[in-house]
Every structure is written in C-alpha cells, then in structure tokens.
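Open the model in your viewer and keep the sequence panel beside it. We will go from stop to stop, and at each one you will hear what to select and what is there.

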Amino acid sequence: MSPKEIIVSLFVLASVVCLSYAQCEIHKKACIYENNIYGPLEKWSTKDCKTCTCLYSGDEYQCCSDAWMPIDYSWDDCVPVWDEENCAYRLLRIDDPDVECEVMGGVM
C-alpha cells in the first residue's frame, strides 16, 4: 500500500469513527466548567465546540456538538477535515487538499 493510500484510508476511517459517535453525551458530575459553577438549565460553550446544559438535578450535564458533519458527498474523492478555529468540517479533495468539495447534506 502506498503512503497516499494509507493516508486516504486513515481519513476514511476517522470519518466513519466520527459518524459513529452520538452528537450528545451526558456527564454524571457537577456542572462545573473552567472553575465556573452552573445551576440547573444554565448553558455554556466549551473550547471543543460543544454547548453544555446543566440538567435539573444540578449534578449532571449534557453536552452536544455544535459542529455540522457532512455525510452526503463523494466519499471516493473527498474527505472531511476538522477546522478547530471555526468549529466546522471542511470537505477537501483527496487528490488536491486545496480544493473544497461540494456537500449535498450533513448532520448536527
């Protein structure tokens, strides 16, 4: 397998793994983020592009991704690449990463 084929395989695998995770997760611990304490139904944003909400009990919270994930595109020609600065995926051509691909649909 060539180095390019290995890189493409890793990108595809990473994309599949990203799609397999739920977009929201529950944390069963106090509603504290960066030394700030949050009460029931209060919200905050995290550095990794999630919005969290302290649940009614105050001793657990839910965080949901703010990122839109492309899922309907040319899987043979393109790969999603995480843009941390903009909390978004960019869909780039595998053979020319300077060129963006067309996205037909996605999920939050």
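Of the 108 residues of the protein chain, 25% count as buried, where buried means under 20% relative accessible area, exposed means over 50%, and partly exposed lies in between (1.4 Å probe, protein chains only). This is a predicted model, in which local features need pLDDT of at least 70 and side-chain atom pairs count only at pLDDT 80 or more, while totals for chains, interfaces and linings use all residues. Residues are numbered from 1 along each chain as its sequence is written, and side-chain values use heavy atoms, with hydrogens and water left out.

**The whole chain**

Start with a cartoon view. The secondary structure comes to one helix and 10 strands; helices (H or I, at least four residues) and strands (E, at least two) are DSSP runs, numbered from the N terminus. Followed from the N terminus on, the elements run α-β-β-β-β-β-β-β-β-β-β.

Of the contacts with a separation of 6 or more, 41% come from residues 24 or more positions apart, a contact being heavy atoms within 4.5 Å.

Select residues 78-83, which form strand β8. Six bridges join β8 to β9, and the two strands run antiparallel; strands pair if DSSP finds at least two bridges between them. Which residue stands opposite alanine 88 in β9? Aspartate 83 does. Four residues lie between the strands of this hairpin, where cysteine 87 takes a positive phi near 50°. Most residues other than glycine have a negative phi.

**Stop two: the loop between β2 and β3**

Select glutamate 34 and asparagine 35. Glutamate 34 is found in the loop between β2 and β3, and asparagine 35 lies in the loop between β2 and β3 too. Phi of glutamate 34 is near 50°, a positive value in a residue other than glycine, and phi of asparagine 35 is near 65°, also positive. Is asparagine 35 buried or exposed? Asparagine 35 counts as exposed because its relative accessibility is 75%.

**Stop three: salt bridges**

How many salt bridges are there? The count comes to five, a salt bridge being a side-chain nitrogen of Lys or Arg within 4 Å of a carboxyl oxygen of Asp or Glu. Let us visit some of them.

Glutamate 34 is partly exposed, since its relative accessible area is 46%, while lysine 47 counts as exposed at 65%.

Next, pick lysine 50 and glutamate 25, which form a salt bridge with the closest N and O atoms 3.1 Å apart. This pair links distant parts of the chain, 25 residues apart: lysine 50 is in strand β5 and glutamate 25 in strand β1 (residues 24-27).

Arginine 90 lies in strand β9 and glutamate 100 in the loop between β9 and β10, so the pair ties together parts 10 residues apart in sequence.

**Stop four: glutamate 60**

Select glutamate 60, in the loop between β5 (50-54) and β6 (61-65). The side chain of glutamate 60 makes a polar contact with the side chain of lysine 28 (3.1 Å). A polar contact is a pair of N or O atoms within 3.5 Å; within protein, one must be able to donate a hydrogen and the other to accept it, and residues adjacent in sequence count only if both atoms are side-chain atoms. Not counting residues up to four places away in sequence, glutamate 60 touches several residues, including Ile26, His27 and Cys54.

**Stop five: methionine 104**

Finish with methionine 104, found in the loop between β9 (88-93) and β10 (105-107). Not counting residues up to four places away in sequence, methionine 104 touches Asp72 and Tyr73. The C-alpha atoms of methionine 104 and tyrosine 73 are separated by 5.8 Å, with the two residues 31 apart along the chain.
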